[in-house]
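The sequence and the structure are shown first.

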Amino acid sequence: MVTNLVEVKNYDGQGYQSLVHFGSWRVAVLRFLDELNPDNIRTMERHTATDEVFVLTKGKAMLITGGNKTDITDIQATEMAIGEVCNIKKNAWHTITLSQDAHLIIIENDDTTRENTEYILLPTHIQTEIRQFSRVYIHDQ
């Protein structure tokens, strides 16, 4: 009998944790951490070399995108549903807000790093919009 054909990984801590690497891709888990609290979101990021896939498995999550231009002029919020595959396209500004019990799977290129990721500081009015979106959906306030 062949053994070691199944590798089981799990993560129940806070934040991002990469679990599986193979060839050119990796699978990670994202769980709530304080910087994803809508009151603390100050930046968005974009990956200049790859798409990034998010799959919600538990709780609530909202993907927030800011277009793919140099600056962010307006934002869109996408409420994630459990089991749906959400693909953030290359060069799309994005962030995410989560409920405290949320559990997401992220699939991305293994070479997605700070070297091919850009960050932008959000204007105050966009930070306010993010808080308003997430209070309605994530926190039901």
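A salt bridge is counted here where a side-chain nitrogen of Lys or Arg lies within 4 Å of a carboxyl oxygen of Asp or Glu. The model is predicted, and a search of the whole structure finds 6 salt bridges.

One of them joins Asp110 to Arg26, with the closest N and O atoms 3.5 Å apart. Asp110 belongs to the loop between β9 and β10 and Arg26 to strand β2, so this contact ties together parts that are 84 residues apart in sequence. Asp110 is partly exposed at 26% relative accessibility, whereas Arg26 is buried, with a relative accessible area of 10%.

A salt bridge also forms between the side chains of Arg135 and Asp39. Because Arg135 lies in helix α1 (residues 124–137) and Asp39 in the loop between β2 and β3, the pair ties together parts that are 96 residues apart in sequence. Both count as partly exposed, Arg135 at 29% relative accessibility and Asp39 at 35%.

The side chains of Lys89 and Asp51 form a further salt bridge. This pair links distant parts of the chain, 38 residues apart: Lys89 is in the loop between β7 (85–88) and β8, and Asp51 is in the loop between β3 and β4. Lys89 is exposed, with a relative accessible area of 53%, while Asp51 is partly exposed at 26% relative accessibility. Salt bridges with shared partners also join Arg26, Glu108 and Asp110 into one network.

| Salt bridge | N to O distance |
|---|---|
| Asp110 and Arg26 | 3.5 Å |
| Arg135 and Asp39 | 2.7 Å |
| Lys89 and Asp51 | 3.5 Å |

The largest pocket holds about 730 Å³ of space. It is lined by 27 residues, of which Tyr16, Glu35, Leu36, Glu45 and Tyr119 are the closest to its centre. The elements that give two or more residues to this lining include β1, β2 (25–31), β8 (94–98) and β10 (117–121). Strand β3 gives the most, with 4 residues.

The whole structure contains 1 aromatic pair. The ring centres of Phe22 and Trp25 are 6.1 Å apart and the planes stand at 55 degrees, so the pair is tilted. Phe22 is exposed, with a relative accessible area of 59%, and Trp25 is partly exposed, with 36%.

Leu5 is placed in the segment before β1 (15–22) and is exposed, with a relative accessible area of 67%.

Terms used: Residues are numbered from 1 along each chain as its sequence is written. This is a predicted model: local features need pLDDT of at least 70, side-chain atom pairs count only at pLDDT 80 or more; totals for chains, interfaces and linings use all residues. Side-chain values use heavy atoms; hydrogens and water are left out. Buried means under 20% relative accessible area, exposed over 50%, partly exposed in between (1.4 Å probe, protein chains only). Rings of Phe, Tyr and Trp (its six-membered ring) pair if their centres lie within 6.5 Å; planes under 30 degrees apart count as stacked, over 60 as edge-to-face and the rest as tilted. On a 1 Å grid over the protein atoms alone, a cavity is a set of points where a 1.4 Å probe fits but cannot get out, and a pocket is an open set with protein on both sides within 12 Å along at least five of seven lines; lining residues have an atom within 4 Å of a point. Grid points are joined across faces, edges and corners, and a volume is the space filled by probe spheres set on the points.
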